[in-house]
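Here's a quick briefing to read with the model open beside you. We'll go from the overall build to a few spots worth a look.

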Amino acid sequence: MNLWQAFKMAFKSIAMKKTRSFLTMLGIIIGVASVVIMVSVMQGKAKKSMEMFDKLGDNKITVQAFNYYDMDNETGQLLFDYCLSLGDLVVGITPEVEVNETATIQYGSKTVKTNDWENIDWSIPNQDPWSTMLHLKLGSEQYGVCNNLNLAGGREFSYLEVEKTLPVCVLGSGAKEQLFGFTDPVGETITINSNPFQVVGYYESMALQGWPEMDNVIIIPYTFNRTMNNNYSMDSYIVKGRDAKATVEAKTRIEAFLNGVLPLDENGNRQNGYAYVGSNDSYAQEQEKANLLESLSMAAIAGISLLVGGIGIMNIMLVTVTERTREIGIRKAIGAERSSIITQFLIEAAVICSIGGLIGIGIGYVGTMIAGKLMSDVFEGIILMPEPFIAFGAFAFSVVLGIIFGMYPAIKASGLQPVVALRAD
C-alpha cells in the first residue's frame, strides 16, 4: 500500500463516522486554540511592556544616594561631580528632582497648579487627576538627552543659563498643551509662583500609556533648588551612557564610588545612608526573562489540553483496531507487512490531529482578535495577531502528538495474528 492510498483510507474512515471523529478532534482543537490565544496574548503584553523601555531609551542609569547625617547635601554634590568626571563613558547627567511644594503656573488667563492634591473634588466620579496634573522638575541642560526626550520646537536651556540660574524653562508636551494649546510657546513667558520664566523649548510627546507624568512636566535649571525647592537634597540623578559597554562600566564605577562614600558593613548594609544604581538595560533584560517565563507557563498550561486530546486519539484508535480486526486479518493473510499496517494507523491518527489542529488554529486566530478587542485598554496601539511560528508550532505539535499516541494502537494492530483476526466478529 502506498502513502496516497493510506491517506485516502484515512479520510474515508473519518468521513464514515463524522460525529465520533469530530469529538475525537475536540481535545486537539481546544488545545491548539488555547495555545495560540494564550501565547499570543502574552506576546502582545510583552511587546507592550517592552515598548515602554524603548521609549524611555537605553543606556540610562538611575542613581540615588544620600547620607542620613549630611545636612548640606555634600553626598549628592560629590556624586554629581564624580558622574561629570566620567566624560569618556557618559554623554549626559541630570538631577531628577521634583519640586514638592505646590507651585502656581500662569500664562495669560490660564492658571494651573502642580501637585495640587488638596483642591481635588473627590466627589466627582471617574476623574483622573494624575493624567493632567503638572510636575515642576529640576534638571540640567542635558535633561532631554538623559530622559530620551526629543525637542519638538525651540532648544534646551544652556550650561550658562544653569550656572547663572537664569529663569528659563522647557515644557513637556502635556504642559505645553495645557498652557498654550496649539500655539508655539517658544519665546513666551510664564510665571511660576509669580516669577517670570521664558519658555525656550518644548518636547515631543512620549505617549507612554499609564505614565502621563512623563509629558506633564516643566523643567527649570536645577540651580533653582535653593529658591524654588527650599534647598531640598538632590539625591537622585540620571546618567546617560555612550553605548551599552560604556553604560556597564559607568554603572560599575559609580557603584564602587558610592561604596567608598557610603561604605558597607560586614553584613553588606549601609549604616549611614542609602545608595542605589540601576540601568534601563538591566530592567529590560529582566522584563524579557519574566515575559518569556510567563509565556512558557501559559503555553504549558494550554498544552495540558493537547495531552488530553492526545489520550482521546489513542482511545479512539484502540476502538478502531477492535472494530477493524477482521479487516486487519484479511490484509495480513494476503501478505500485508507489519510496517504497512502501522503506517496506515499512524496516518489516520495524524490526519485526525492535523484536521483538528487546522480548525484550532482558525479558532485561535479569531479568539486572539476578540481578546485584543476586549483588552483594548491594555493593548492600545497594538493589533493583537498570532505570530505565524506560534500557529505552525501548535499545528506541528498536534501532528506529532497524534503520531505518538497513535503508535501503541498501530503496533497492537500490526501484531494481530491473521488466524485469530479472521475469526473475530
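What share of the contacts in the protein with a separation of 6 or more comes from residues 24 or more positions apart? The figure is 78%, with contact meaning heavy atoms within 4.5 Å. Keep in mind that this is a predicted model, where local features need pLDDT of at least 70, side-chain atom pairs count only at pLDDT 80 or more, and totals for chains, interfaces and linings use all residues. Residues are numbered from 1 along each chain as its sequence is written, and side-chain values use heavy atoms, with hydrogens and water left out.

**Overall build**
- The protein has 13 helices and 13 strands; helices (H or I, at least four residues) and strands (E, at least two) are DSSP runs, numbered from the N terminus.
- Of the 425 residues, 45% are buried; buried means under 20% relative accessible area, exposed over 50%, and partly exposed in between (1.4 Å probe, protein chains only).

**Cores**
- The largest nonpolar core holds 56 residues, and Ile190, Ile192, Ile218 and Ile220 have the most contacts inside it. A nonpolar core here is a set of buried Ala, Val, Leu, Ile, Met, Phe, Trp, Tyr and Cys residues joined through side-chain atoms within 4.5 Å.
- Leaving out residues up to four places away in sequence, Ile218 touches a list of residues including Ile105, Leu134, Cys169, Leu171, Ala175, Leu179, Ile190 and Ile192.
- There's also a second, separate core of 25 residues, with Val36, Ile347, Ala394 and Leu401 among them.

**Helix H6**
- H6 (residues 173–180) is largely enclosed by the rest of the structure, because 6 of its 8 residues are buried.
- Those buried residues are Ser173, Gly174, Ala175, Lys176, Leu179 and Phe180.
- They pack against strands E4 (104–107), E5 (110–113), E8 (168–171), E9 (189–192), E10 (195–203) and E11 (217–221).

**Surface patch**
- Val366, Met369, Ile370, Leu374, Met375 and Met385 make a nonpolar surface patch of about 550 Å². Patches use residues with over 30% relative accessible area and no salt bridge, joining like charges within 9 Å and nonpolar side chains (Val, Leu, Ile, Met, Phe, Trp, Tyr) within 5 Å; a salt bridge is a side-chain nitrogen of Lys or Arg within 4 Å of a carboxyl oxygen of Asp or Glu.
- Leu374 sits in helix H11 (residues 338–374), and its 69% relative accessibility makes it exposed.

**Cysteines**
- The structure has 0 disulfides, a disulfide being a pair of cysteine sulfur atoms within 2.5 Å.
- Cys169 is buried at a relative accessible area of 0%, and Cys353 is buried at 0% relative accessibility.

**Two asparagines**
- Asn193 is in the loop between E9 and E10 and is partly exposed at 35% relative accessibility.
- Asn193 and Ala103 are 90 residues apart in sequence, yet their C-alpha atoms are 5.8 Å apart in space.
- Beyond residues up to four places away in sequence, Asn193 touches Thr102, Ala103, Thr104 and Met228.
- Asn225 lies in helix H7 (residues 225–228) and is buried, with a relative accessible area of 4%.

Terms used
Areas by Shrake-Rupley, 256 points an atom, 1.4 Å probe, with all protein chains shown as cover.
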